[in-house]
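Open the model in your viewer and keep the selection tool at hand.

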Amino acid sequence: MFLKTPEEFLQGFKVFEPADHHYTGPVSNQQSENNGSVFHEEGRILATLAYTLGGPILETGADQGISTRYIHEGLEASDKPGKIYSVDVHHKWPGADHPSVDPDWPLRAKIDADSGSYTAPEKCRWAFIDGDHRYRGVIRDIGAALRAGCARMIFHDTSPSVKRNPDNPSGGSDAREAVPEFFAGLRGWYLFDITTHCGMIFATCVDKE
């Protein structure tokens, strides 16, 4: 893997500056940065990818929808439009039980499903993977992204400081081991280890660009 700071990684993109989405949306869905979601510097990377790469996008693991908001803002400003297929078994925002109630995110298709077994209805440009953090769960989410045709994937919670927890799909993470071990056997894929608060790994396939 190629080690990059967030700023070094973003040098290859036209940076998009999003709002701090920990404090946007319904009050019940606002949260601080250290409360289990992406940090703002990580959301900035997601918004930039959405802005420069465009859609459609596969998002696995949405929870409170913080990462979704970052992706959605960048995608709204992109000249490569498309949908966000946001997959989670436990969406946690107002209206989550009513698929038609989603007035703030017109580009999002909310999918109530297990991310690893979900197949997107169309080819996606890239995927954000932050779902089941156990080793097999990470591998299954990679499989779903490959089935969707993603030539790029970015993973969350890959820092060495994020402790492994084999019994909890969201507590701790095996992503730092699972991601490089999986892609080591695939030709043309390159990995970038981004030193954000929780850690991110960006995987890109030069053969599909």
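Start by selecting Asp112 and Lys110, whose side chains meet in a salt bridge at 3.1 Å, N to O. A salt bridge here is a side-chain nitrogen of Lys or Arg within 4 Å of a carboxyl oxygen of Asp or Glu. Lys110 is buried, at 15% relative accessibility; buried means under 20% relative accessible area, exposed over 50%, and partly exposed in between, with a 1.4 Å probe and protein chains only.

Two points on the source apply throughout. The model is predicted: local features need pLDDT of at least 70, side-chain atom pairs count only at pLDDT 80 or more, and totals for chains, interfaces and linings use all residues. Residues are numbered from 1 along each chain as its sequence is written, and side-chain values use heavy atoms, with hydrogens and water left out.

Next, select Asp114 and Arg140, which form a salt bridge at 2.7 Å, N to O. This pair links distant parts of the chain, 26 residues apart: Asp114 is in the loop between strand E4 (108-112) and strand E5 (126-129), and Arg140 is in helix H4 (residues 135-147). Helices (H or I, at least four residues) and strands (E, at least two) are DSSP runs, numbered from the N terminus. Asp114 is partly exposed at 30% relative accessible area, and Arg140 is partly exposed at 37%.

Then select Asp132 and Arg134, another salt bridge, at 3.0 Å, N to O. Asp132 is buried, with a relative accessible area of 17%, whereas Arg134 is partly exposed at 30%. Elsewhere, Glu7, Glu17 and Arg44 are linked in a network of salt bridges. The search of the whole structure finds six salt bridges.

Return to H4 and show it whole. Its 13 residues reach 19 Å from first C-alpha to last, close to the 18 Å expected at 1.5 Å a residue; the expected span is 1.5 Å times one less than the number of residues. Which residues of H4 are buried? They are Gly137, Val138, Asp141, Ile142, Gly143, Ala144 and Ala145. These buried residues pack against strand E2 (57-60), E5, strand E6 (152-156) and helix H5 (175-183), where contact means heavy atoms within 4.5 Å. After H4 comes Gly149, which has a positive phi near 85°.

Now select helix H3 (residues 66-77). The end C-alpha atoms of H3 are 18 Å apart, which agrees with the 16 Å that twelve residues should span at 1.5 Å a residue. H3 is mostly covered, with nine of its twelve residues buried, among them Arg69, Tyr70 and His72. The cover includes helix H2 (40-53), E2, strand E3 (84-88), E4 and E5.

Colour the cysteines next. How many disulfides does a search of the whole structure find? It finds zero, with a disulfide taken as a pair of cysteine sulfur atoms within 2.5 Å. Cys124 is in none, and the nearest cysteine sulfur, that of Cys150, is 5.0 Å away. Cys124 is buried at 2% relative accessibility; Cys198 is also buried, at 13%.

Tyr190 lies in strand E7 (residues 189-194) and is partly exposed, at 40% relative accessible area.
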